[in-house]
Amino acid sequence: KPSLLDEKQSSIIWAALKEKGHWDGEIWERNQQGELEPEWLTFSAIKNEQGKTTNYVAIFSSISELIKRQQLLEGIANHDALTGLPNRRLLADRLSQATIHANRNQKSLAVCYLDLDGFKQVNDVFGHAAGDTLLQEIAQRFKSILRGNDTVARLGGDEFVLLFNDLNKSEDVFALLDRLLAVAKEPVVFENVQARVSASIGVSFFPVDSNDADMLMKFADEAMYHAKHKGKSQYYIHKPGATSMVAP
(Lines give C-alpha, C1' and ligand atoms only; values in the text may rest on other atoms or scores of the structure.)
Protein backbone atom coordinates (compact mmCIF):
# COMPACT_ATOMS: atom_id res chain seq x y z
CA LYS A 1 0.00 0.00 0.00
CA PRO A 2 1.39 3.45 -0.93
CA SER A 3 0.50 4.98 2.44
CA LEU A 4 2.67 2.46 4.22
CA LEU A 5 5.63 3.69 2.21
CA ASP A 6 5.16 7.26 3.38
CA GLU A 7 8.09 7.77 5.69
CA LYS A 8 6.35 9.85 8.34
CA GLN A 9 3.18 7.78 8.55
CA SER A 10 5.10 4.53 8.25
CA SER A 11 7.32 5.40 11.20
CA ILE A 12 4.26 6.17 13.34
CA ILE A 13 2.59 2.90 12.42
CA TRP A 14 5.65 0.74 13.00
CA ALA A 15 6.38 2.45 16.31
CA ALA A 16 2.84 1.67 17.48
CA LEU A 17 3.11 -1.93 16.32
CA LYS A 18 6.39 -2.38 18.20
CA GLU A 19 5.08 -0.79 21.39
CA LYS A 20 1.47 -1.95 21.46
CA GLY A 21 1.18 -4.56 18.73
CA HIS A 22 -1.69 -2.63 17.15
CA TRP A 23 -2.47 0.51 15.16
CA ASP A 24 -5.63 1.82 13.55
CA GLY A 25 -6.46 5.09 11.86
CA GLU A 26 -7.43 6.92 8.68
CA ILE A 27 -5.22 6.80 5.61
CA TRP A 28 -5.65 7.95 2.03
CA GLU A 29 -5.36 5.57 -0.90
CA ARG A 30 -6.01 5.72 -4.61
CA ASN A 31 -8.97 3.75 -5.95
CA GLN A 32 -9.09 1.96 -9.30
CA GLN A 33 -9.85 5.26 -11.03
CA GLY A 34 -6.73 6.80 -9.52
CA GLU A 35 -8.69 9.09 -7.20
CA LEU A 36 -7.65 9.57 -3.59
CA GLU A 37 -10.21 8.33 -1.08
CA PRO A 38 -10.13 7.73 2.67
CA GLU A 39 -9.73 4.25 4.16
CA TRP A 40 -9.62 2.94 7.69
CA LEU A 41 -6.60 0.76 8.39
CA THR A 42 -6.48 -1.76 11.22
CA PHE A 43 -2.94 -3.16 11.56
CA SER A 44 -2.04 -5.85 14.09
CA ALA A 45 1.06 -7.85 14.96
CA ILE A 46 0.60 -11.63 15.36
CA LYS A 47 2.87 -13.21 17.96
CA ASN A 48 3.76 -16.81 18.73
CA GLU A 49 3.79 -18.46 22.14
CA GLN A 50 7.20 -17.00 22.90
CA GLY A 51 5.89 -13.48 22.25
CA LYS A 52 7.84 -13.07 19.03
CA THR A 53 6.10 -11.34 16.13
CA THR A 54 5.65 -13.78 13.28
CA ASN A 55 3.13 -12.04 11.03
CA TYR A 56 1.23 -8.83 10.51
CA VAL A 57 -2.44 -8.54 9.56
CA ALA A 58 -3.77 -5.39 7.88
CA ILE A 59 -7.44 -4.79 7.20
CA PHE A 60 -8.46 -1.90 4.93
CA SER A 61 -12.03 -0.56 4.99
CA SER A 62 -13.34 2.17 2.68
CA ILE A 63 -14.95 5.02 4.62
CA SER A 64 -15.50 7.44 1.73
CA GLU A 65 -19.27 6.94 1.72
CA LEU A 66 -19.39 7.40 5.49
CA ILE A 67 -17.50 10.69 5.23
CA LYS A 68 -19.72 11.88 2.37
CA ARG A 69 -22.79 11.08 4.46
CA GLN A 70 -21.31 12.95 7.42
CA GLN A 71 -20.54 15.98 5.24
CA LEU A 72 -24.09 15.89 3.87
CA LEU A 73 -25.57 15.84 7.37
CA GLU A 74 -23.31 18.70 8.45
CA GLY A 75 -24.42 20.68 5.41
CA ILE A 76 -28.08 20.09 6.22
CA ALA A 77 -27.53 21.10 9.85
CA ASN A 78 -25.75 24.35 8.95
CA HIS A 79 -27.55 25.58 5.83
CA ASP A 80 -31.02 26.74 4.88
CA ALA A 81 -32.78 24.11 2.77
CA LEU A 82 -34.50 26.59 0.42
CA THR A 83 -31.68 29.00 -0.43
CA GLY A 84 -28.56 27.04 0.50
CA LEU A 85 -27.38 29.99 2.61
CA PRO A 86 -25.90 29.53 6.08
CA ASN A 87 -28.61 29.22 8.73
CA ARG A 88 -28.84 30.72 12.21
CA ARG A 89 -26.56 28.06 13.67
CA LEU A 90 -23.71 28.61 11.20
CA LEU A 91 -24.18 32.38 11.35
CA ALA A 92 -23.70 32.34 15.13
CA ASP A 93 -20.41 30.50 14.72
CA ARG A 94 -19.17 32.82 11.96
CA LEU A 95 -20.16 35.92 13.91
CA SER A 96 -18.33 34.68 16.97
CA GLN A 97 -15.19 34.00 14.93
CA ALA A 98 -15.53 37.34 13.13
CA THR A 99 -15.56 39.32 16.38
CA ILE A 100 -12.41 37.52 17.51
CA HIS A 101 -10.72 38.26 14.16
CA ALA A 102 -11.84 41.91 14.17
CA ASN A 103 -10.63 42.43 17.71
CA ARG A 104 -7.24 40.89 16.92
CA ASN A 105 -6.78 43.02 13.79
CA GLN A 106 -8.38 46.19 15.20
CA LYS A 107 -11.02 46.24 12.50
CA SER A 108 -14.73 47.02 12.52
CA LEU A 109 -17.50 44.71 11.35
CA ALA A 110 -21.16 45.33 10.57
CA VAL A 111 -24.13 43.12 11.40
CA CYS A 112 -27.01 43.90 9.03
CA TYR A 113 -30.43 42.50 9.91
CA LEU A 114 -32.62 42.57 6.78
CA ASP A 115 -36.35 42.01 6.36
CA LEU A 116 -38.12 42.08 3.00
CA ASP A 117 -40.95 44.61 2.64
CA GLY A 118 -44.01 43.31 0.80
CA PHE A 119 -43.08 39.63 0.87
CA LYS A 120 -46.39 38.57 2.46
CA GLN A 121 -48.27 40.17 -0.41
CA VAL A 122 -46.24 38.15 -2.92
CA ASN A 123 -47.21 34.95 -1.12
CA ASP A 124 -50.87 36.02 -0.89
CA VAL A 125 -51.21 37.08 -4.52
CA PHE A 126 -48.95 34.65 -6.38
CA GLY A 127 -48.71 31.70 -3.98
CA HIS A 128 -46.01 30.17 -1.81
CA ALA A 129 -44.14 28.61 -4.75
CA ALA A 130 -43.66 32.10 -6.17
CA GLY A 131 -42.56 33.30 -2.74
CA ASP A 132 -39.94 30.55 -2.59
CA THR A 133 -38.67 31.50 -6.05
CA LEU A 134 -38.38 35.12 -4.96
CA LEU A 135 -36.43 34.19 -1.82
CA GLN A 136 -34.02 32.08 -3.86
CA GLU A 137 -33.45 34.89 -6.36
CA ILE A 138 -32.98 37.51 -3.66
CA ALA A 139 -30.54 35.23 -1.83
CA GLN A 140 -28.40 34.95 -4.98
CA ARG A 141 -28.43 38.73 -5.41
CA PHE A 142 -27.27 39.24 -1.86
CA LYS A 143 -24.50 36.68 -2.35
CA SER A 144 -23.27 38.60 -5.41
CA ILE A 145 -22.62 41.64 -3.21
CA LEU A 146 -20.49 39.79 -0.69
CA ARG A 147 -16.74 40.22 -0.56
CA GLY A 148 -14.38 37.33 0.13
CA ASN A 149 -14.94 36.80 3.85
CA ASP A 150 -18.45 38.25 4.27
CA THR A 151 -21.49 36.12 5.11
CA VAL A 152 -25.18 36.24 4.23
CA ALA A 153 -27.51 33.94 6.17
CA ARG A 154 -31.23 33.27 6.09
CA LEU A 155 -32.84 33.08 9.51
CA GLY A 156 -36.21 31.95 8.20
CA GLY A 157 -39.17 33.48 6.41
CA ASP A 158 -38.02 36.69 4.72
CA GLU A 159 -35.34 37.57 7.28
CA PHE A 160 -31.66 37.65 6.35
CA VAL A 161 -28.49 38.70 8.16
CA LEU A 162 -25.40 39.97 6.38
CA LEU A 163 -22.05 40.11 8.11
CA PHE A 164 -19.53 42.52 6.59
CA ASN A 165 -16.01 41.96 7.94
CA ASP A 166 -12.71 43.85 7.89
CA LEU A 167 -14.09 47.39 7.77
CA ASN A 168 -11.51 50.09 8.41
CA LYS A 169 -14.31 52.40 9.54
CA SER A 170 -18.07 52.10 9.93
CA GLU A 171 -18.77 54.32 6.91
CA ASP A 172 -17.21 51.72 4.61
CA VAL A 173 -20.41 49.68 4.79
CA PHE A 174 -22.72 52.39 3.43
CA ALA A 175 -21.99 51.66 -0.24
CA LEU A 176 -22.69 47.96 0.37
CA LEU A 177 -25.99 48.80 2.05
CA ASP A 178 -26.99 50.97 -0.91
CA ARG A 179 -26.34 48.02 -3.21
CA LEU A 180 -28.43 45.73 -1.01
CA LEU A 181 -31.37 48.12 -1.17
CA ALA A 182 -30.99 48.45 -4.93
CA VAL A 183 -30.90 44.73 -5.75
CA ALA A 184 -33.78 44.00 -3.37
CA LYS A 185 -36.01 46.41 -5.35
CA GLU A 186 -35.29 44.84 -8.72
CA PRO A 187 -38.30 42.84 -9.98
CA VAL A 188 -38.35 39.05 -9.82
CA VAL A 189 -39.94 37.36 -12.84
CA PHE A 190 -41.68 33.98 -12.72
CA GLU A 191 -44.19 32.58 -15.21
CA ASN A 192 -44.25 35.90 -17.10
CA VAL A 193 -45.28 37.75 -13.95
CA GLN A 194 -43.24 40.36 -12.10
CA ALA A 195 -43.14 40.70 -8.33
CA ARG A 196 -41.42 43.47 -6.41
CA VAL A 197 -40.28 43.78 -2.82
CA SER A 198 -37.90 46.07 -0.99
CA ALA A 199 -35.73 45.75 2.11
CA SER A 200 -35.53 47.30 5.55
CA ILE A 201 -32.10 46.95 7.14
CA GLY A 202 -30.90 47.49 10.67
CA VAL A 203 -27.17 47.82 11.30
CA SER A 204 -24.97 47.44 14.37
CA PHE A 205 -21.20 47.70 14.53
CA PHE A 206 -18.43 45.91 16.38
CA PRO A 207 -16.88 47.26 18.54
CA VAL A 208 -18.78 50.57 18.63
CA ASP A 209 -22.14 49.13 19.71
CA SER A 210 -20.96 46.01 21.52
CA ASN A 211 -18.24 43.37 21.77
CA ASP A 212 -20.86 40.65 22.25
CA ALA A 213 -22.21 38.74 19.24
CA ASP A 214 -25.71 38.28 20.71
CA MET A 215 -26.01 41.98 21.54
CA LEU A 216 -24.89 42.94 18.03
CA MET A 217 -27.70 40.79 16.62
CA LYS A 218 -30.20 42.28 19.06
CA PHE A 219 -29.22 45.86 18.21
CA ALA A 220 -29.35 45.17 14.46
CA ASP A 221 -32.80 43.58 14.83
CA GLU A 222 -34.08 46.62 16.76
CA ALA A 223 -32.62 48.97 14.17
CA MET A 224 -34.37 47.05 11.39
CA TYR A 225 -37.76 47.80 12.98
CA HIS A 226 -36.82 51.49 13.12
CA ALA A 227 -36.12 51.34 9.38
CA LYS A 228 -39.58 49.84 8.74
CA HIS A 229 -41.30 52.45 10.87
CA LYS A 230 -39.44 55.22 9.04
CA GLY A 231 -40.94 54.17 5.72
CA LYS A 232 -39.15 50.96 4.60
CA SER A 233 -36.60 50.50 1.79
CA GLN A 234 -33.89 52.08 3.91
CA TYR A 235 -31.31 51.29 6.53
CA TYR A 236 -31.06 52.49 10.10
CA ILE A 237 -27.84 52.60 12.10
CA HIS A 238 -28.13 51.51 15.72
CA LYS A 239 -26.13 53.86 17.90
CA PRO A 240 -26.98 56.32 20.66
CA GLY A 241 -28.80 59.32 19.23
CA ALA A 242 -28.70 57.96 15.66
CA THR A 243 -31.13 59.06 12.99
CA SER A 244 -32.27 56.91 10.11
CA MET A 245 -29.99 56.64 7.13
CA VAL A 246 -32.20 56.81 4.05
CA ALA A 247 -30.99 55.73 0.65
CA PRO A 248 -31.20 58.52 -1.90
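**Surface, sheet and rings**

Modeller: In this predicted model, I46, V57 and I59 make a nonpolar surface patch of about 230 Å².

Biologist: Why does I46 count as partly exposed?

Modeller: The relative accessibility of I46 is 36%. Buried means under 20% and exposed means over 50%, with partly exposed in between. The value for I46 lies between these limits, so I46 counts as partly exposed.

Biologist: Where is I46 found, and what is its bridge partner in β3?

Modeller: I46 is found in strand β2, which covers residues 36–47. Its bridge partner in β3 is N55.

Biologist: What makes β2 and β3 a pair of strands?

Modeller: Two strands pair if at least two bridges are found between them. β2 and β3 have nine bridges, so they pair, and they do so in the antiparallel sense. Three strands form an open sheet in the order β1-β2-β3, with antiparallel pairing.

Biologist: Why are β1 and β3 said to stand at the edges?

Modeller: β1 (22–30) and β3 each have a single partner strand, so one side of each is left without a neighbour in the sheet. The twist averages 30 degrees from one strand to the next.

Biologist: How many aromatic pairs does the structure hold?

Modeller: The structure holds six aromatic pairs. One of them is formed by W14 and Y56.

Biologist: What makes the pair of W14 and Y56 edge-to-face?

Modeller: The centres are 5.1 Å apart and the planes stand at 90 degrees. Rings pair if their centres lie within 6.5 Å, and an angle over 60 degrees counts as edge-to-face. W14, F43 and Y56 form one aromatic cluster.

Biologist: How do you know whether F142 and F160 are buried or exposed?

Modeller: F142 has a relative accessible area of 0%, and F160 has a relative accessibility of 0%. Buried means under 20%, so F142 and F160 are buried.

Methods. Residues are numbered from 1 along each chain as its sequence is written. This is a predicted model: local features need pLDDT of at least 70, side-chain atom pairs count only at pLDDT 80 or more; totals for chains, interfaces and linings use all residues. Side-chain values use heavy atoms; hydrogens and water are left out. Rings of Phe, Tyr and Trp (its six-membered ring) pair if their centres lie within 6.5 Å; planes under 30 degrees apart count as stacked, over 60 as edge-to-face and the rest as tilted. Buried means under 20% relative accessible area, exposed over 50%, partly exposed in between (1.4 Å probe, protein chains only). Patches are made of residues with over 30% relative accessible area and no salt bridge: like charges are joined within 9 Å, nonpolar side chains (Val, Leu, Ile, Met, Phe, Trp, Tyr) within 5 Å. Accessible areas come from the Shrake-Rupley method with a 1.4 Å probe; for residues, only the protein chains shown count as cover. A salt bridge is a side-chain nitrogen of Lys or Arg within 4 Å of a carboxyl oxygen of Asp or Glu. Helices (H or I, at least four residues) and strands (E, at least two) are DSSP runs, numbered from the N terminus. Axes are lines fitted to C-alpha atoms, for helices over the stretch in contact, and angles run from 0 to 180 degrees between N-to-C directions.
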